[in-house]
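Hi,

Here is the structure I promised to pass on.

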Amino acid sequence: MAGSKQPAPPAVSTGFPAAEAADITQLVEDLDGMLSRLRLGAIREQLDGLLEEAARRQLNLREALAWLCAAEVASKEQRRLSMAMTIAHFPCVRTLEGFEFEAQPSIDPGKIRDLATCRWVANGDNVVLLGPPGVGKTHLEVALGREAVARGYTVQFTTAMELLGALVKGQQQGTLEVRLAQYAKPKLLIIDELGYLPLEPAAGHLFFQLISRRYEQGSVLISSNRPVQEWDEVFGDQVVAAAILDRLLHHSHVLTIRGDSYRLREKRRSGLFRPQAGGSSSAGGGGVPPPPPAKEA
Ligand code: ADP
Ligand code: MG
């Protein structure tokens, strides 16, 4: 109200020493302690440099505070990213920038760019990557997985063998529930290399349990060298395979990659490898079966 005197705000003690009494050594020590306590590690570690830079840029107090906070936020984001990448257990570093689309004309770059937005992860959709060895399935899985991590989703990468080994072990040891919960948890579960080795009949049932648990909850990105029509052979059970595919393919993007192995292409280019008739040579496949004969377009 006009004329009425506002009561003075209560004095809040900041504990800040009067300038004349300030002991600079003590001040530096106190500030260091407070920054530690507030877990502002980046500001604490780079304080001298940041303050010098702020002074050089003649920032006012608000600008300087924002600049310090930005340094802290950037460092925390970097830490989160590197922690999430470690937790994801990617077998290698592969990026979409490093993927040569010209080398794999059966892949639509627009489709991959769309998947890179991770809307499918937000929606809990699945992605199925099919194709012979060496055509870039693992590369794309890792690259898309990294995009998902960068967007803040929890991601876990595993191979079909590793996953099923863990589930079978869990069943034998009475800890299946724990294992299923562990694989159901990440927002995106990447399952690489389904179909390279035949699975035990019990493994198909376990796989089905995991897929049903994740159904419409979290995304699965799965790769296989076998077309889905052959998955009943992979799982050794037609009914189980149909049930798995039913859930996996509902809300899914299926990408079939055709063409030559990129690995062999590189070997051929360098003259180290000459394709044999029928394409039955394997080069550096790490125990992976040789690629099937390249189909003529
Ligand atoms: P797959 O999983 O289909 O067997 P990979 O993703 O492991 O094949 O690819 C084999 C190697 O070739 C990897 O080092 C991968 O980074 C590389 N590679 C495959 N396709 C491409 C591509 N189109 N551009 C760049 N590198 C590729
Ligand atoms: Mg692979």
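Which handedness does the crossing of H8 and H9 have? The crossing of H8 and H9 is right-handed, meaning the near helix is turned clockwise from the far one by less than a right angle.

Before the rest, the ground rules. This is a predicted model, where local features need pLDDT of at least 70 and side-chain atom pairs count only at pLDDT 80 or more, while totals for chains, interfaces and linings use all residues. Residues are numbered from 1 along each chain as its sequence is written, chains are lettered from A and ligands numbered from 1 in the order written, and side-chain values use heavy atoms, with hydrogens and water left out.

**H8 and its partners**

In contact terms (heavy atoms within 4.5 Å), Leu-176, Glu-177, Leu-180, Ala-181, Tyr-183 and Ala-184 of H8 meet Leu-206, Gln-209, Leu-210, Arg-213 and Arg-214 of H9.

On the H7 side (residues 160–173), the axes of H7 and H8 come within 7 Å and cross at roughly 150°. That makes H7 roughly antiparallel to H8. Leu-176, Arg-179, Leu-180 and Tyr-183 of H8 meet H7 residues including Leu-163, Ala-166 and Leu-167.

**H3 and H6**

Helix H3 (residues 61–88) packs against helix H6 (residues 137–150) at about 140°, with the axes 10 Å apart. That makes H3 oblique to H6, and the crossing of H3 and H6 is right-handed. From H3, Glu-77, Arg-80, Leu-81, Ala-84, Met-85 and Ala-88 meet Arg-146, Val-149 and Ala-150 in H6.

**Cavities**

A cavity here is a set of points on a 1 Å grid over the protein atoms alone where a 1.4 Å probe fits but cannot get out, with lining residues having an atom within 4 Å of a point. Grid points are joined across faces, edges and corners, and a volume is the space filled by probe spheres set on the points. The count comes to 2 cavities of 30 Å³ or more. The second largest cavity has a volume of about 60 Å³, and among its lining residues are Ile-211, Arg-214, Arg-247 and Leu-248. H9 and helix H11 (238–249) are the elements that give two or more residues to that lining.

Cheers

Conventions. Helices (H or I, at least four residues) and strands (E, at least two) are DSSP runs, numbered from the N terminus. On a 1 Å grid over the protein atoms alone, a cavity is a set of points where a 1.4 Å probe fits but cannot get out, and a pocket is an open set with protein on both sides within 12 Å along at least five of seven lines; lining residues have an atom within 4 Å of a point. Axes are lines fitted to C-alpha atoms, for helices over the stretch in contact, and angles run from 0 to 180 degrees between N-to-C directions. Angles under 35 degrees count as roughly parallel, over 145 as roughly antiparallel, 65 to 115 as roughly perpendicular and the rest as oblique.
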